[in-house]
Amino acid sequence: MAESHSKANGPDLVQGIAIADLEDGGKLVGHCGDEQVLLVRRGTEVFAVSATCTHYGGPLVDGLVAEDTVRCPWHHACFDLRTGEALRAPAFNPLACWSVEQREDKIFVMGKRPRTAPMARGGGTAPERIVVVGGGAAGFAAAETLRREQYQGSIVMISDDQTPPVDRPNLSKDYLAGKAPEDWIPLRGEKFYSKNGIDLRLDTKVDRIDLHSREVLLSDGGRIPYDSLLLATGAEPVRLAVPGTDQSRVHTLRSFADCKAIIERAANARRCVVLGASFIGLEVAAALRSRGLDVHVVAPDRRPMERVLGPQMGDFIRTLHEENGVVFHLQDTAASIDGSKLKLNSGGTLAADFVVAGVGVRPRIGLAEKAGLSLDRGVAVNPFLETSAPGIFAAGDIARWPDPHSGENIRVEHWVVAERQGRTAALNMLGHRERFTAVPFFWSQHYDVPINYVGHAERWDEISVDGDVAARDCLLRFKREGRTLAVASIFRDLESLEAELEMEHQTAS
């Protein structure tokens with residue numbers, strides 16, 4: 001993940017630094033041997049952990065310390081300063097920890113502490129057999145959490161994808177742009193699943209869930225019994241009902257295979273049309289411009305992403321893409337696709353060697369519907385992410401949950417939310433009764449400009465702007481009746497984290 005942040009070199013921590021140089025709540029980056037180490041002082045205690053986030057390498061010195069944790073400024077991962085454990089997605093790997101000694105008025109960083117498995121939580125009654133349906137963010141996070149919590153029972157993970165769980169955000173960002181190697185894409189190597197006793201069944205389709213016998217029925221006739229079940233079937237791209245969209249040169253982007261197909265097509269192409277000015281559509285546009293293609297974007301909106309980010313940010317995003325060579329055809333849609341020609345409803349015609357349709361996704365709720373689970377424009381779940389059927393949980397793009405911050409039942413299609421819900425669902429399958437209260441978060445990357453968004457605002461009556469959107473230095477607050485529901489920011493990383501923390505401390509009245 002390419003972001004323009006500098007790394008501090010800092011002092012040699014082994015030689016000792018003055019305690020007075022590290023104020024309470026303060027952070028300092030230095031070196032211990034060849035490794036960068038972050039020192040954090042909390043009262044009389046000083047912690048020493050790796051200085052970079054284990055997700056995409058964000059500089060933790062620029063992050064936020066809250067109680068005994070540090071949060072990454074880039075994508076809001078959270079780590080325990082005492083143990084290094086990754087407490088919140090999108091990070092899963094822990095930070096390294098060092099021993100610290102205080103002698104008189106100096107702090108010395110000693111040897112690296114051996115990594116130990118996190119302590120399992122007590123109090124829950126674990127089922128013998130857990131089945132996870134879905135190989136995306138929520139499904140992976142659930143399986144990973146179950147083993148991290150030292151769950152000893154059976155885990156079967158069923159995915160209709162052909163590859164193990166991947167880092168899907170990168171498929172429309174750096175990997176599609178040719179700036180990230182392929183080994184960045186898997187969330188874990190294939191050996192992770194066998195090593196941790198996770199029975200990962202790829203390219204496997206589920207036909208239905210039998211609530212009476214507590215079995216998952218596969219399309220090939222197989223049956224898998226469960227005691228607890230997680231539905232994490234995600235979403236699928238919306239396919240336009242336009243003549244010609246069934247051609248091989250028309251692509252959607254959801255899976256690793258989809259991304260590879262677009263890259264292969266782009267290798268011998270000059271011109272591409274992207275349908276849709278959504279986050280995915282415009283990230284694809286930016287990635288293909290990085291590969292040197294001529295890119296035209298067709299969308300019915302007046303402004304890109306105005307529905308989510310408002311008019312000021314929409315105008316900025318349009319200008320940013322136009323400065324990088326993208327041509328917009330807004331308030332227009334595709335009428336038909338015939339070979340290398342795309343006809344517009346306005347009457348124009350665009351030449352395209354291929355087309356990428358990024359017009360949104362719909363939740364894959366078919367299994368839940370056939371099982372008779374309660375639906376509400378998604379799968380309805382309670383604060384513990386349990387569906388209307390005891391022992392069956394739902395997480396990720398399909399789940400509509402009671403959000404304590406907005407006071408509404410919401411469903412969001414964000415990667416980090418899905419990962420965090422997968423973790424919470426796993427804990428609750430183990431009997432811990434943990435409410436899902438995380439503030440929704442996502443990030444989007446457009447060329448060298450990252451946009452962070454915390455909270456959830458489907459409607460607002462005011463947008464307050466701090467800073468200058470055009471100067472790429474701003475924080476926007478989306479408010480309804482004076483209450484901030486969401487915050488979007490550009491290069492205001494610390495303020496974005498502070499807004500997230502503030503929302504965590506508030507609930508809807």
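Me: Let's start with Y453. Is that residue buried or exposed?
Reply: Y453 is buried, and its relative accessible area comes to 3%. One thing to keep in mind as we go: this is a predicted model.

Me: Good to know. How many aromatic pairs are there?
Reply: The count comes to 11 aromatic pairs. Take Y453 and F478: their ring centres are 6.1 Å apart and the planes sit at 45 degrees, so this pair is tilted.

Me: And where in the chain do Y453 and F478 lie?
Reply: Y453 is in strand β33 (residues 449–455), while F478 is in strand β35 (residues 473–480). The two are 25 residues apart, so their pair links distant parts of the chain.

Me: What about F478, buried or exposed?
Reply: F478 counts as buried, with a relative accessibility of 0%.

Me: What is the geometry of the W460 and F478 rings?
Reply: Their centres are 5.0 Å apart with the planes at 65 degrees, so that pair is edge-to-face. The cut-off for that label is over 60 degrees. W460 lies in the loop between β33 and β34 (462–468) and F478 in strand β35, so the pair ties together parts that are 18 residues apart in sequence.

Me: How much relative accessible area does W460 have?
Reply: W460 has 24%, so it is partly exposed; buried would need a value under 20%.

Me: F279 takes us to α5, then. How many residues of that helix are buried?
Reply: Nine of the 12 residues in α5 are buried, so the helix is mostly covered. Among them are F279, L282, V284 and L288, and E283 is buried too.

Me: What do the end C-alpha atoms say about the span of α5?
Reply: They are 17 Å apart, and at 1.5 Å a residue the 12 residues should span 16 Å, which agrees. Just after α5, G292 takes a positive phi of about 90 degrees.

Me: Which strands does α5 lie across?
Reply: Helix α5 (residues 279–290) lies across β20, β21 (294–299), β22 and β26, and runs at about 170 degrees to β21. Helix α4 (residues 256–266) lies across β19 and β26, at about 150 degrees to β26.

Me: What is the strand order in that sheet?
Reply: The order is β19-β26-β20-β21-β22, an open sheet of five strands with parallel pairing. β19 (250–251) and β22 (327–330) stand at the edges with a single partner strand each, so one side of each has no neighbour in the sheet.

Me: How many bridges join β20 to β26?
Reply: Four bridges join strand β20 (residues 271–275) to strand β26 (residues 354–357), and the two run parallel. Within that pairing, V273 stands opposite V355 in β26.

Me: New topic: what do β11, α1 and β12 make?
Reply: Together with helix α1 (residues 137–148), β11 and β12 make a right-handed β-α-β unit. Strands β11 (residues 129–133) and β12 run parallel, joined by five bridges. The bridge partner of V133 in β12 is I158.

Me: Which strand do four bridges join to β12?
Reply: That is β13 (residues 198–201), which runs parallel to β12. M157 stands opposite L200 in β13.

Me: Last one: how many residues of β12 are buried?
Reply: Four of the five residues in β12 (residues 154–158) are buried, so the strand is mostly covered.

Methods: Residues numbered from 1 in each chain as written. Predicted model: local features only at pLDDT ≥ 70, side-chain atom pairs only at ≥ 80, totals over all residues. Heavy atoms only, no water. Buried < 20%, exposed > 50% of the residue type's maximum accessible area, 1.4 Å probe, protein only. Pairing = 2+ DSSP bridges. Right-handed = clockwise from strand over helix to strand, strands pointing away. Contact = heavy atoms within 4.5 Å. Axes fitted to C-alpha atoms, helices over the stretch in contact; angles between N-to-C directions. Expected span 1.5 Å × (residues − 1). Phe/Tyr/Trp six-rings, centres within 6.5 Å; stacked < 30°, edge-to-face > 60°.
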